[in-house]
Amino acid sequence: MSNGGGMDAATIDELYRRYGPVVLRRARAILGDEEMARDVLQEVFVRVVEQKGSFRGEASPMTWIYRITTNLSLNRLRDDRRRDELLREHGSPPDTIESTTEAKLTLAAILRQVPEELREIAVYYHVDRMSHAEIAAVLGVSRRTVGYRLEEFHRRAQAALEPLEVAR
């Protein structure tokens, strides 16, 4: 990394080679869809180039890129949920997400139904297996806030799962 907060093309290229597979895995885990994950991968590195001046080296590049990936993936879920709502309002059935496992579909469905601040913490906790302290550090909130938000996520997830279990 160069000092002064900026990155040159070689540094960005190195970040892509080093962290691209991690970004793709992360996006795929959140979205449950290969094509969407590849779109997020590209968008993450567009953001890295656009925001290279905002990286101050206070955290590792991986932490910075991981956070961008998480936010873009969660935004994609939110946007898809809104699109599905609009389609339902106009009488068109929503698109179905193709996935290789029922668990990914269930997770994506639940994540679409909860507020963004709950989604982000839930993904860090359940997908990334981060501790409350690690999540608190990444998000800049207290461990207690992480705990409260996880409890709220679990409550909402259970409510979202009940109709799915009845349908089986």
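Student: At what angle do helix α1 and helix α5 pack, and how far apart are their axes?

Tutor: Axes are lines fitted to C-alpha atoms, for helices over the stretch in contact, and angles run from 0 to 180 degrees between N-to-C directions. In this predicted model, helix α1 (residues 9–31) and helix α5 (residues 116–127) pack at about 110°, with axes 11 Å apart. Angles under 35 degrees count as roughly parallel, over 145 as roughly antiparallel, 65 to 115 as roughly perpendicular and the rest as oblique; α1 and α5 are therefore roughly perpendicular.

Student: Which residues of α1 and α5 meet?

Tutor: Contact means heavy atoms within 4.5 Å. Arg26, Ala29 and Ile30 of α1 meet Val123, Tyr124 and Val127 of α5. That set comprises five nonpolar residues, no polar ones and one charged, where Ala, Val, Leu, Ile, Met, Phe, Trp, Tyr, Cys and Pro count as nonpolar, Asp, Glu, Lys and Arg as charged, and the others, Gly among them, as polar.

Student: Which residues of α2 are buried?

Tutor: Buried means under 20% relative accessible area, exposed over 50%, partly exposed in between (1.4 Å probe, protein chains only). In α2, Met36, Ala37, Val40, Leu41, Val44, Phe45 and Val48 are buried. Across the protein, buried residues account for 37% of the 168 residues.

Student: Which conventions apply to these values?

Tutor: Residues are numbered from 1 along each chain as its sequence is written, and side-chain values use heavy atoms, leaving out hydrogens and water. Local features need pLDDT of at least 70 and side-chain atom pairs count only at pLDDT 80 or more, whereas totals for chains, interfaces and linings use all residues.

Conventions: Helices (H or I, at least four residues) and strands (E, at least two) are DSSP runs, numbered from the N terminus.
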